[in-house]
Structure formats: structure tokens, C-alpha cells
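Work through the exercises below with the coordinates open. Each task is followed by a stepwise solution.

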Amino acid sequence: MPEHVAHGGLPDKRQVAASFSRAADSYDGVAALQREVGAQLLARLPALAPARWLDLGCGTGHFTRLLAQRFVAGEGVALDLAEGMLRHARPRGGARHFVAGDAEALPLRDHSLDLIYSSLAVQWCADFAAVLAEARRALRPGGVLAFSSLCVGTLQELRDSWQAVDGFVHVNRFRPLEGYQALCAESGLRVLTLERQATTLHFPDLRSLTRSLKDLGAHNLNPGRPGGLTGPARIRALAAAYEGFRTPEGLPATYQVVYGVLRKD
């Protein structure tokens, strides 16, 4: 297997980090989905008063700051794989420590956290079992891992439209809900909630949709994706295919979001 291809067909984390670092300055302007999902995850947190919490995959630090407001007495740690995101987040505060690190190998001590909050980050981790094992290691007894992620069916309209054009996979692959269920059940953490909820955004045209994905850093990062530029004729064909999904609100982009809340007993 080439070294840039991650196990299981998921994108290489170095590409992920570089893509999100490049997107740091534009990210907040197009992050409607991230805001909505992160708020939904905050609303799912059980009652707790963590002495130390972690925003895992903190991005530009929007939810780091909200966590700091919510848990005033706690000490916050913000961690991201992308240095560019951390450079953007650090001056805005919210956490005591801003750390470059990997969810699959947390640079944190055993039993050092009461809460791990991670919104729309772990879908980029090829080894979600390792993420769960690291969370279990780093959490104190009674500690909580709350995560949101994306699963199969995300951007299905875009996937189907590309399928009609050339049959290549142009859309990021995500693990199935059943994969999350099995891995969480085997994690040694107690599953409090694990559910899938669809969130649909609407765009006036294809260009707006693809630009928003690029500005988010979340455009296609799959290994084996088609190389080279996409020609105007193929883009016109894609736009025509996508028009078949148009609703009165615009062109839909549906995200299948997984929300999980797990506790360490």
C-alpha cells in the first residue's frame, strides 16, 4: 500500500492537516454546518462540571471558547492536527493550552481529563478504535467522551451526480453507522447515546456548494481520487445531473451526522 494511502481507504492525515491549515482563514465564514452540529453536540452533554476538558479537533476554536464559557471553573485544552487552525485559534483564547496532536495518539497523561468534546473531527481518523482507546485512557472514571462525526450517506446528492457523469468517487468516504455502533460497543466505555441525524444545507448553485467545501478544507481528500483538473464539460454535466435534486430551497447537500456520548465507568 503506498504510504500516502491510509488504511481502509480513508484520507492520509497529513493531507487532512495540510488541507485544513490552508482553510483556516476562510473556515469560519462558511462553517454553518459545523456551528449547527457543534451546538447539537453541546446540547447532548450530560450535567457535569469538568475540572479539565479537551476540545479534540478544535479547528478555529469556536467551540473551545463556548466550552470555556460553559465550564468557567475548568481548565481547557484545545488540540488539533492542523497547525494552521491552532495559529488561528490560539490568539482568541478559550483554552489554557493549545496543542498540535493526533486523536489516535493523544499527547496527554492517563486519567487527566473529565470531558472530551469532539465535533466533526473524528471522521478523518482512519483508526476510530484507537481514538476510543485513547479517550478511555485519558479520561478519569466518570469522564465523558462526546463526539459528532459523519457517516455513509453524507453528500449523497453530490456522489450520485458524479456517478452519473463519470463513475469515479469524487466525494469523501465515511464509515457506516454500524461501524460506529460496533466500535463504541467494543470500546470499554458505556454508550449513553449514539444516534444518526440528517442535516441538509441548501445552495443556490453548484459553484457555491463546491466553494463551501473547499473553504472548509473538506473537499475530496480520498486516496485514489481522480487526478488533474476537472474539465468544463464535466463540470457542466455534473451541474446538470445535480439539478435533478433541486428543491425550492436550492441544491441540497445532506450530511448524515452521528452523535455519540460515552462515559468511562
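The model is predicted: local features need pLDDT of at least 70, side-chain atom pairs count only at pLDDT 80 or more, and totals for chains, interfaces and linings use all residues. Residues are numbered from 1 along each chain as its sequence is written, and side-chain values use heavy atoms, with hydrogens and water left out.

**Exercise 1. The chain as a whole**

Task: State how many helices and strands the chain has, and what percentage of its residues count as buried.

Solution. Step 1: take helices (H or I, at least four residues) and strands (E, at least two) as DSSP runs, numbered from the N terminus. The chain then has 10 helices and 7 strands.
Step 1: buried means under 20% relative accessible area, exposed over 50%, and partly exposed in between (1.4 Å probe, protein chains only). Of the 265 residues, 51% count as buried.
Step 2: contact means heavy atoms within 4.5 Å. Among contacts between residues at least 6 apart in sequence, 79% join residues at least 24 apart.

**Exercise 2. Helix α3**

Task: Check the span of helix α3 (residues 32–43) and find which of its residues are buried.

Solution. Step 1: the expected span of a helix is 1.5 Å times one less than its number of residues.
Step 1: the buried residues in α3 are Leu33, Gln34, Val37, Gly38, Leu41 and Leu42.
Step 2: viewed down the axis of α3, these buried residues fall within an arc of 160°, so they line one face of the helix. The arc is that of the directions from the helix axis to the C-beta atoms.
Step 3: an α-helix has 3.6 residues a turn, so residues three or four places apart point the same way.

**Exercise 3. Helix α4**

Task: Which residues of helix α4 (residues 62–70) are buried, and what do they pack against?

Solution. Step 1: Phe63, Thr64 and Leu67 are the buried residues of α4.
Step 1: down the axis of α4 they fall within an arc of 110°, so they line one face.
Step 2: they pack against α3, β1 (52–56), β2 (75–80) and β4 (113–119).

**Exercise 4. Helices α6 and α8**

Task: Describe how α6 (residues 128–138) and α8 (residues 177–185) cross.

Solution. Step 1: axes are lines fitted to C-alpha atoms, for helices over the stretch in contact, and angles run from 0 to 180 degrees between N-to-C directions. The two axes come within 10 Å and cross at roughly 35°.
Step 1: the crossing of α6 and α8 is right-handed, the near helix being turned clockwise from the far one by less than a right angle.
Step 2: Phe128, Ala129 and Leu132 in α6 meet Tyr180, Leu183 and Cys184 in α8.

**Exercise 5. Glutamate 134**

Task: Is glutamate 134 buried or exposed, and which residues does glutamate 134 touch?

Solution. Step 1: glutamate 134 is found in helix α6 and counts as buried, at 14% relative accessibility.
Step 1: not counting residues up to four places away in sequence, glutamate 134 touches Ala103, Glu104, Ala105 and Leu106.

**Exercise 6. Leucine 120**

Solution. Step 1: leucine 120 is in the loop between β4 and α6.
Step 1: its phi is near 55°, a positive value in a residue other than glycine.
Step 2: most residues other than glycine have a negative phi.
Step 3: leucine 120 counts as buried, at 10% relative accessibility.
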